[in-house]
Amino acid sequence: MSLLVDIMLVFQRHLRISLRNPLWIVIGLSQPVAFLVLYGPLMTSTLSITGVAPERAWQTYVPGVLVQLCLFGSAFVGFGVIAEWRGGVIERLRVTPVSRVALLLGRVLRDVALLVVQAVMLVLVALPLGLRASVPGVLVALGVVTLLSLGLACLSCALALTVKSEDTLGPTLNTGLMPLLLLSGVLLPMSFAPRWLDLVSRLTPFRYIVDGMRSAFQGEVFTVTVLSTVLVALSISVLSVLLGVRTYLRQSA
Amino acid sequence: MSIIEANELTRTFRSGRQSVEAVRGVNLRVEAGEIVGFLGPNGAGKTTTLRMLTTLLRPTSGTARIAGADLATAPREVRRRIGYVAQYGGTDPNALVEEELFLQARLYRIPVAPARRRVADLLERLDLGGLGKRRVGSLSGGQRRRLDIALGLVHDPQVVFLDEPTAGLDPHSRNNLWEHTRRLREDLGTTVFLTTHYLDEADALCDRISVIDHGRIVAEDTPANLKRQLASDVLTVEVVGDPAAGQRLLAELPGVRHAAVTSTGGIQVTLADAEQGITDVITALSGAGIGVRALQLARASLDDVFLSLTGRELRDDPQGRHSSIPTTEGADHVPAR
């Protein structure tokens with residue numbers, strides 16, 4: 001109970017600070033929207049050359065942009081942790097009886113909340129461009145986005161608190177995320193890939209996330225593909241939260 | 001029972017294969033209601049000790065009880081009873097002043113209504129009235145520092161730890177902050193444990209001072225006692241008549257550590273304690289028929305104490321403030337040139 005109160009207090013604090021600067025939410029959304037508006041038509045017409053219907057093309061492309069938003073939106077929240085650590089905010093809070101777990105989860109839940117709002121806005125922007133998708137499918141996909149961003153944000157915070165340097169965090173994240181992003185088939189479906197690339201891609205978790213979200217968008221909600229996506233997202237989430245909690249507990253005396 | 005009681009606290013840091021003993025057996029006793037200054041040169045173990053006492057860093061060995069709670073077995077209880085004001089404040093520039101205070105109060109589980117009253121109280125008390133709705137980032141340096149302190153006081157802690165409370169503040173804000181610190185003790189009986197780089201601050205504010213160097217406490221006493229034991233007052237007397245005769249006479253007086261004739265024909269007398277010594281000097285001189293034209297007294301400062309304890313200055317002082325105070329060595333060398 002006390003933990004929940006702490007999480008709520010920390011969550012509200014961070015949310016208030018974010019909402020005071022709504023510009024950042026818009027800036028965070030601007031890149032995925034640019035991808036959608038400036039690259040989406042190109043992508044869909046390319047896909048249509050290969051015989052994919054435009055409707056299908058948007059159902060393929062939007063989930064990819066959502067995963068991209070998720071990866072970059074939540075993986076970089078660690079920068080905020082380093083700024084807080086430098087400013088002494090983390091130390092100040094650690095000297096109070098507040099739960100260490102709440103310091104992590106309260107902040108990460110704020111990031112998740114903002115990300116889900118961005119994801120919803122992204123889907124809405126895609127509608128006039130030509131997206132037609134199954135409503136239950138989109139809801140399942142948003143659930144996956146929530147789980148995934150929770151996990152990635154926790155990982156990012158844990159990494160940030162371990163390296164405590166923006167100069168290390170940035171390159172580390174980029175090095176880790178870029179191959180994962182390319183292998184997930186976010187930009188073009190992996191079904192176009194040569195066999196070896198397709199196989200390598202199947203060894204990375206985001207491949208399943210993207211595939212499942214695409215199926216869901218197409219209305220195939222109760223399938224093995226979508227189920228495995230949810231399971232992968234759930235595992236990433238649980239493992240990352242545990243790792244984050246461990247790091248936050250270890251860092252305090 | 002002392003409110004802060006540390007026994008043989010040590011902390012070893014490992015970096016690669018090397019291990020550095022930052023703190024090597026610190027013993028501390030602070031009584032309730034005291035204002036104690038914790039001084040030491042950079043790297044002496046000051047911050048490490050403070051971080052251990054405030055539960056931010058686990059000691060490698062040793063024990064401590066803070067406000068009756070054991071540091072190792074009940075850190076959460078320690079946190080409930082202490083306030084800590086770090087050097088870098090720890091407020092978010094985009095948060096509102098009252099938001100930060102209210103959050104802090106809620107983290108200590110003060111119920112909502114009393115927490116609101118408490119925030120209003122603290123704003124008033126620390127001269128932050130009317131600033132509640134301002135962003136932290138828009139406050140002046142002095143205001144922000146007072147907010148930091150208010151955050152440390154939200155739950156009426158028995159002990160407050162202040163890390164370099166006045167670093168970077170202008171003289172006016174410094175004096176103001178000293179006033180607040182004194183009032184804290186007078187009005188609420190709060191114990192204050194502070195680190196500082198400013199010896200005049202320690203002198204003006206603290207009942208007692210602990211000096212740490214190379215990870216150990218090297219001195220612990222009242223500022224007055226430390227100065228009496230470890231530094232001298234220097235009195236320069238300009239006389240009508242023969243300074244050499246006066247110098248011989250004064251050198252024999254009890255309480256005079258050293259007497260020398262300066263290049264300008266004055267007598268420089270090093271006294272253990274000027275308050276008693278100065279009358280003796282004047283009486284002796286006038287008894288011998290030597291007239292006193294002028295007197296100049298340089299009181300011992302904690303800077304001298306610090307230098308004699310650690311062989312180092314507390315900080316690199318660009319103004320060379322304390323080098324202008326004459327020393328006995330200086331006086332010795334003057335006639336030789």
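Me: How many helices and strands does chain B have?
Reply: Start with the secondary structure. In this predicted model, chain B holds 12 helices and 14 strands.

Me: What does chain B span along its principal axes?
Reply: Follow the C-alpha trace. For chain B, the spans are about 75 × 50 × 35 Å.

Me: What share of the residues in chain B is buried?
Reply: Buried means under 20% relative accessible area. By that cut-off, 51% of the 337 residues in chain B are buried.

Me: How do I read the contacts in chain B?
Reply: Look at separation along the sequence. Take the contacts in chain B with a separation of 6 or more. Residues 24 or more positions apart account for 70% of them.

Me: Where do the charges of chain B lie on average?
Reply: Compare two mean positions. One is for the 41 positive charges, the other for the 43 negative charges. They are 9 Å apart.

Me: Which residues touch the most other members of the largest nonpolar core?
Reply: A nonpolar core joins buried residues through side-chain atoms within 4.5 Å. The largest one has 68 residues. A:Leu36, A:Leu66, A:Leu104, A:Val108, A:Ile209, A:Met213 and A:Phe217 touch the most other members. Helix α7 (residues 135-163) of chain A gives the largest share, 13 residues.

Me: What does A:Ile209 touch?
Reply: Leave out residues up to four places away in sequence. Then A:Ile209 touches A:Val67, A:Val144, A:Leu148, A:Thr229, A:Val232 and A:Ala233.

Me: Which residues does the second core include?
Reply: This separate core has 44 residues, among them B:Val119, B:Leu151, B:Leu205 and B:Leu302.

Definitions and conventions. Residues are numbered from 1 along each chain as its sequence is written. Chains are lettered from A and ligands numbered from 1 in the order in which they are written. This is a predicted model: local features need pLDDT of at least 70, side-chain atom pairs count only at pLDDT 80 or more; totals for chains, interfaces and linings use all residues. Side-chain values use heavy atoms; hydrogens and water are left out. Buried means under 20% relative accessible area, exposed over 50%, partly exposed in between (1.4 Å probe, protein chains only). Helices (H or I, at least four residues) and strands (E, at least two) are DSSP runs, numbered from the N terminus. Contact means heavy atoms within 4.5 Å. Lys and Arg count as positive and Asp and Glu as negative; His and the chain ends are not counted. The place of a charge is taken as NZ of Lys, CZ of Arg, CG of Asp or CD of Glu.
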